[in-house]
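The model I consulted is shown first.

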Amino acid sequence: MGRFYVTTPIYYVNDAPHVGSSYTTVIGDALCRWHRLLGDDVRFLTGTDEHGLKIQRAAEAKNVDPRELADSTSRRFVETWRELDIRYDDFIRTTEERHRRAVTSMIQAIYDNGDIELGTYDGLYCVACEGYYAETELTDDGNCPIHNRPVEHFTEENYFFKLSRYQERLLEYYEQHPEAVIPASKRNEVLGFIRGGLNDISVSRTSIDWGIPLPWDSKHVVYVWFEALMNYCTAAGLGSDDREFATWWPADVHLIGKDILRFHAVWWPAMCMSAGIDPPRQVAIHGFLLLGGEKMSKSNTNITQLSPSDLIDEFGVDGVRYHLLRDNPFGPDGDFSYEGMVERFNADLANNLGNLAARVSTVVEKKCGGIGPAPSAGSPLAEHAARAVADAAAAWQAIAPSEALEATWKLIRETNAYLEQNEPWKAEPGPDVDRVLGDALEVLRIVTVLASPAIPNSAAELWRRLGLSGSPEDVRVPDGLAWAGYPGGVTVTKGTPLFPRLTPRT
Ligand code: MSP
């Protein structure tokens with residue numbers, strides 16, 4: 001038991017949330033739900049990134065004030081996260097006063113430390129990334145490597161953060177904290193990048209005013225990435241509540257996509273070091289969800305059509321969450337496929353879990369008068385269950401939700417096989433039938449808790465049908481999942497199918 005502070009990136013408000021942005025957020029939510037089961041004191045932060053040129057231009061194109069655009073899009077993120085049952089503890093908006101205060105105090109600390117100097121920026125910039133590029137990093141056509149769109153030439157008087165001074169300190173830090181960037185392949189990428197030499201970064205703008213003014217030179221606003229990263233500290237109380245900050249900082253995990261690795265694993269720890277605060281404990285990087293081989297994003301129009309709400313209408317909240325967590329291992333890129341999603345829903349949710357629940361409750365109704373029997377001490381399923389709990393716990397710990405769910409579903413399959421071997425539906429009521437059903441009910445209890453971070457609604461419903469009081473969230477893992485926790489002697493309810501089988505749209 002401890003405290004666990006997890007963050008998602010804060011999302012740009014130039015357009016509505018899509019399945020790609022939902023991916024990181026659902027993973028963060030499920031991870032936090034798991035840690036709450038462990039009894040950790042959890043804080044889950046998400047929010048929106050609202051300043052900068054990209055947002056200013058998007059607002060101009062829509063003929064609205066940037067604040068109006070930020071308000072309306074930020075609201076859409078809140079709504080989408082509500083639809084997806086994201087239980088965050090805090091939703092930060094970078095246009096909030098608390099953020100201005102935190103940014104002002106942090107950038108002033110960096111300035112006072114002598115790490116910010118005036119200079120002239122002259123180079124290439126991708127507005128969609130809000131990032132600089134060296135000529136050598138562009139595509140053969142001279143485009144941004146992420147968005148495949150033309151970059152712009154900028155010349156401006158800017159303040160620079162002396163990132164170049166942090167090469168050795170960063171290498172030393174990563175040497176001492178091998179877990180600070182996962183997976184290892186990304187850690188190696190970061191180390192390679194740092195070893196290649198670091199350029200100073202421009203951290204202010206005079207050409208726009210949609211941002212937070214520099215405390216010592218109000219002609220400049222803080223460069224959007226520089227202030228966006230600080231959101232993680234704002235929400236922990238920096239600049240407004242020192243005790244809160246001491247409790248929650250450093251963050252335990254920043255979950256991010258691979259496109260924003262350098263900002264988080266090179267700039268951010270150096271900024272923290274310069275400001276005299278600890279860097280985050282870990283940055284965990286996942287790949288992209290691809291659609292037809294292309295990154296789903298707001299700038300590539302291919303995904304804007306794929307709204308989380310549409311998928312929820314078809315698959316239900318838990319169906320969408322399960323797909324994102326189970327079918328797209330954390331780390332590599334994954335291809336989104338509608339057909340694959342239907343197939344997985346039918347196999348894992350409708351067939352494996354749905355059938356187990358329906359089968360057990362039907363037979364309990366027929367052979368046990370609807371009262372669930374207690375599990376048996378020496379059940380062959382006990383060993384399988386203990387393994388599932390241990391494997392799932394290890395996988396959640398390693399931020400591998402797909403593996404945690406695989407371990408959970410393995411137990412479901414083993415239990416279905418056990419029922420098929422024993423065929424309690426064919427046997428006469430009596431102790432043998434009671435034993436088999438009691439064991440299956442105990443597995444359902446365990447599975448419900450293990451699956452609850454992914455499918456919280458169905459888990460709560462299944463819990464109720466098993467005749468258990470409270471909710472799966474009340475169980476403390478792992479002790480509460482020790483074999484034979486199902487009390488027996490409680491009413492089991494059958495109900496309508498938890499996951500009605502889906503027929504693919506044509
Ligand atoms: N505002 C910055 C982040 C600042 S954090 C201090 C930003 N925003 S973003 O809206 O463009 O994207 C944020 C994140 O959304 C990505 O890093 C990634 O985590 C997630 N994803 C966006 N598209 C995605 C996919 N197609 N697939 C998986 N994740 C995706 O960058």
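Entry 1. I looked up the packing of helix 6 (residues 184-195) against helix 10 (residues 261-275), and found an angle of about 60 degrees with the axes 11 Å apart. The model is predicted: local features require pLDDT of at least 70 and side-chain atom pairs pLDDT 80 or more, while totals for chains, interfaces and linings use all residues. Residues are numbered from 1 along each chain as its sequence is written, and side-chain values use heavy atoms, without hydrogens and water.

I noted the conventions. Helices (H or I, at least four residues) and strands (E, at least two) are DSSP runs numbered from the N terminus. Axes are lines fitted to C-alpha atoms, for helices over the stretch in contact, with angles from 0 to 180 degrees between N-to-C directions.

Helix 6 and helix 10 are therefore oblique to each other (under 35 degrees counts as roughly parallel, over 145 as roughly antiparallel, 65 to 115 as roughly perpendicular, the rest as oblique). Their crossing is right-handed (the near helix is turned clockwise from the far one by less than a right angle). Lys186, Glu189, Val190, Phe193 and Ile194 of helix 6 meet Leu261, Arg262, Ala265 and Val266 of helix 10, where contact means heavy atoms within 4.5 Å. By class I recorded 6 nonpolar, no polar and 3 charged residues in this contact (Ala, Val, Leu, Ile, Met, Phe, Trp, Tyr, Cys and Pro count as nonpolar, Asp, Glu, Lys and Arg as charged, the others, Gly among them, as polar).

Entry 2. Pro183 sits in the loop between strand 8 (181-182) and helix 6, and a cis peptide bond joins Ile182 to Pro183, with omega about -5 degrees. A cis bond also joins Trp249 and Pro250, with omega about 0 degrees; Pro250 is in the loop between helix 9 (242-248) and strand 13 (253-257).

Entry 3. I checked helix 1 (residues 19-37) against helix 11 (residues 308-326): the axes come within 10 Å and cross at roughly 50 degrees. Helix 1 passes helix 11 in a right-handed crossing. The residues of this contact divide into 9 nonpolar, 1 polar and 3 charged.

Entry 4. I looked up Asn63, which has a positive phi of about 65 degrees although it is not a glycine. Asn63 lies in the loop between helix 2 (53-62) and helix 3 (66-83).
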